[in-house]
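This report describes the fold of one protein chain and a set of its side-chain pairings. The sequence and structure come first, followed by the description.

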Amino acid sequence: MFLSIVSTQITSAETSADAQVVTLEHQFENAMVIGDIAFLDSLLTEDFSFTHGDGWAKGGTPLRVDSKDTVLEAAASGIYGFRTTTGDIQVEVHGEAAISKGSYQAEITRNEVARIFDVSYIRLYLMLENQWRLASHLTVDGPYYHDQRFLCCWYLRIFYGRFLCLQYY
């Protein structure tokens with residue numbers, strides 16, 4: 001009986017950490033969109049890095065790598081002021097570190113033209129001074145713009161007679 005009580009407590013603590021990180025994920029996305037610099041400043045570690053684009057994962061280079069300072073500047077400018085929808089978030093807790101895996105879809109309007117894109121990412125959270133802090137964001141897949149996928153489908157449809165890129169979705 002003692003073992004089952006200990007097991008329940010450990011599971012409960014892990015679930016609590018998981019839930020905290022998932023909550024922070026949603027708060028981070030919201031803070032980026034509305035430009036909540038105070039929240040972002042308290043969440044991001046001093047050596048935070050944000051790797052945009054999945055080029056690095058495919059042997060190339062990322063679109064851009066931001067530091068904490070450049071992310072705060074960008075959020076303050078409103079560049080991230082677009083609508084996002086967050087997908088499922090999975091969290092692995094490893095003691096004082098947590099890894100989140102998730103995705104989001106964003107709709108961005110520039111020059112009165114709306115575009116939608118998808119991104120999948122991995123983020124690293126560290127427990128520092130009894131608070132989860134975001135240390136790194138790595139885009140692992142994307143961004144993929146919906147209009148580019150649509151063109152890809154039509155191209156394959158014309159030349160191959162079927163929608164081969166449906167496997168791509």
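## Overall fold

Along the sequence, the protein chain runs in the order α-α-β-β-α-β-β-β-β-β-α. That pattern amounts to 4 helices and 7 strands. The model is predicted, and the values below are computed from it.

The protein chain has 169 residues, of which 31% count as buried. Its accessible surface is about 10400 Å², and carbon and sulfur atoms hold 57% of that area. Among contacts in the protein chain with a separation of 6 or more, 49% are between residues 24 or more positions apart.

## Aromatic pairs

How many aromatic pairs does the structure hold? The number is 3. One of them joins Phe48 and Phe50 in an edge-to-face arrangement, with 6.4 Å from centre to centre and 70 degrees between the planes. Phe48 and Phe50 are both buried.

Another pair is formed by Tyr104 and Tyr121; it is tilted, with the centres 6.2 Å apart and the planes at 40 degrees. Tyr104 belongs to strand 5 (residues 97–110) and Tyr121 to strand 6 (residues 113–128), so this pair ties together parts that are 17 residues apart in sequence. Both Tyr104 and Tyr121 are buried.

Why is the Tyr104 and Tyr121 pair called tilted? The angle between its planes is 40 degrees, and a pair is stacked under 30 degrees and edge-to-face over 60, with the rest counted as tilted.

## Arginines over tyrosine rings

Two arginines lie over the faces of tyrosine rings. Arg123 sits over the face of Tyr121, at 3.8 Å from the ring centre. Tyr121 is thus placed between two kinds of pairing, as it also forms the tilted aromatic pair with Tyr104.

Arg115 lies over the face of Tyr145, and its distance from the ring centre is 4.0 Å.

## Salt bridges

Side chains of opposite charge can pair when their charged atoms come close. The count of salt bridges comes to 7. In one of them Arg123 pairs with Glu25, and the closest N and O atoms are 3.2 Å apart.

Arg64 and Asp66 form another salt bridge, with the closest N and O atoms 3.2 Å apart. The two partners fall into separate accessibility classes: Arg64 is partly exposed, at a relative accessible area of 42%, whereas Asp66 counts as buried because its relative accessibility is 8%.

Lys101 and Glu92 also meet through their side chains in a salt bridge, at 2.9 Å from N to O. Lys101 is partly exposed, with a relative accessible area of 29%, and Glu92 is likewise partly exposed, with 34%.

Conventions
Residues numbered from 1 in each chain as written. Predicted model: local features only at pLDDT ≥ 70, side-chain atom pairs only at ≥ 80, totals over all residues. Heavy atoms only, no water. Phe/Tyr/Trp six-rings, centres within 6.5 Å; stacked < 30°, edge-to-face > 60°. Buried < 20%, exposed > 50% of the residue type's maximum accessible area, 1.4 Å probe, protein only. Helix = DSSP H or I, 4+ residues; strand = E, 2+ residues; numbered from the N terminus. Lys NZ or Arg CZ within 6 Å of the ring centre and 35° of its normal. Salt bridge = Lys/Arg side-chain N within 4 Å of Asp/Glu carboxyl O. Contact = heavy atoms within 4.5 Å. Areas by Shrake-Rupley, 256 points an atom, 1.4 Å probe, with all protein chains shown as cover.
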